[in-house]
Amino acid sequence: MTTEPQRLQYLEAMGLTAWVARYALPNARPTPACDWELPEPPPAEAPGERLHALLDEAREAPTPRPAEAEPPRAARPARPGMARALLGEAPVEEAAATPVPAAEAEPQVPGEALRFAFQVACLEGRWLLILAGERAPGPVELKLLANLLRAAGIATPLPVFQSFRWPLQAGLPVHEPLEEAREGLQAFIAGARRRGWVPERLLLFGREPVLDEVLGLEGERCPLLALSAWQGPALAELAESAEAKRALLPRLLDLGEAWREAAEDAPDDG
């Protein structure tokens, strides 16, 4: 169940500002959307009827065996002797049984949010470029990325990268860390679509364990975002290794071919 703070966090990931009313304007008409009919409460049951029902439940409830743990106090059936006394009936002698103390349930402690960060841009609004890690790309890495795209035959200016960090707000209760992190990432991409991004493919540079778990790449597919995907070395690693660049060249040529085919298949707006 999504709580209000979590909902606001997903809206923030989408780039949407949530406005919350703080003051009531003088002479303002009530909001029609807030007018709804409350369901009528069920008729109150007489105390005697409730006690008779408890007494019937106690008669039908099986006697707990010594090996079984007694149910928690909140779910413990009513004692027939106590119910009869309240109803003014004569008590019936109960069979002696040795109660077994119930194990107290430990309170559920909310988990800790998964923490990850990346730099993201969208090449011509069609290909997501994600650089794993919190550090923004420096001039050397940006120049290398431009050269790699040019070698692949993708002649287009580099877009501006922006940072994404999860969680967006610290201290929120977390019950399903992986699921909530994935929903936050999906909310971010959905918000980017509103700003003109139409992702067709994901290019991921670098590896980061938590981010890899959240994206959950399966071969050359990212089911979370429903995109074709490719993952290569980090730009810093490529900048320092001529061997890594040579090993990457065949894959770059394949990506360039995919880029040109997608451009040919795109509808002509003119």
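This report covers the sheet, the helix packed on it and the nonpolar cores of a predicted model.

## The sheet

Six strands form an open sheet. Their order is β3-β1-β2-β4-β6-β5, and the pairing is mixed. Strands β3 (162-166) and β5 (221-222) sit at the edges. Each of these two pairs on one side only.

Strands β1 and β2 are antiparallel partners, joined over 6 bridges. β1 spans residues 116-123, and β2 spans residues 127-132. Within this pair, Val 120 stands opposite Ile 130 of β2.

## The helix on the sheet

Helix α5 covers residues 177-194 and packs on the sheet. Helix α5 touches β1, β2 and β3. Its direction makes about 155° with that of β3.

## The largest core

In soluble globular proteins, nonpolar side chains tend to be buried together. Here the largest nonpolar core holds 25 residues. Phe 116, Phe 118, Leu 128, Leu 185 and Leu 225 have the most contacts inside it. At least two core residues come from each of β1, β2, β3, α5, β4 (201-205), α6 (209-215) and β6 (227-232). Helix α5 gives the largest share, 5 residues.

Leu 128 shows how parts of the chain meet. Leaving aside residues up to four places away in sequence, Leu 128 touches Val 120, Ala 121, Cys 122, Ile 189, Trp 197, Pro 199, Arg 201, Leu 202, Leu 203, Leu 225 and Leu 227.

## A separate core

Another core, of 23 residues, lies apart from the largest one. Its members include Ala 152, Phe 205, Trp 230 and Trp 259.

Conventions: Residues numbered from 1 in each chain as written. Predicted model: local features only at pLDDT ≥ 70, side-chain atom pairs only at ≥ 80, totals over all residues. Heavy atoms only, no water. Pairing = 2+ DSSP bridges. Helix = DSSP H or I, 4+ residues; strand = E, 2+ residues; numbered from the N terminus. Contact = heavy atoms within 4.5 Å. Axes fitted to C-alpha atoms, helices over the stretch in contact; angles between N-to-C directions. Core = buried A, V, L, I, M, F, W, Y, C linked by side-chain atoms within 4.5 Å. Buried < 20%, exposed > 50% of the residue type's maximum accessible area, 1.4 Å probe, protein only.
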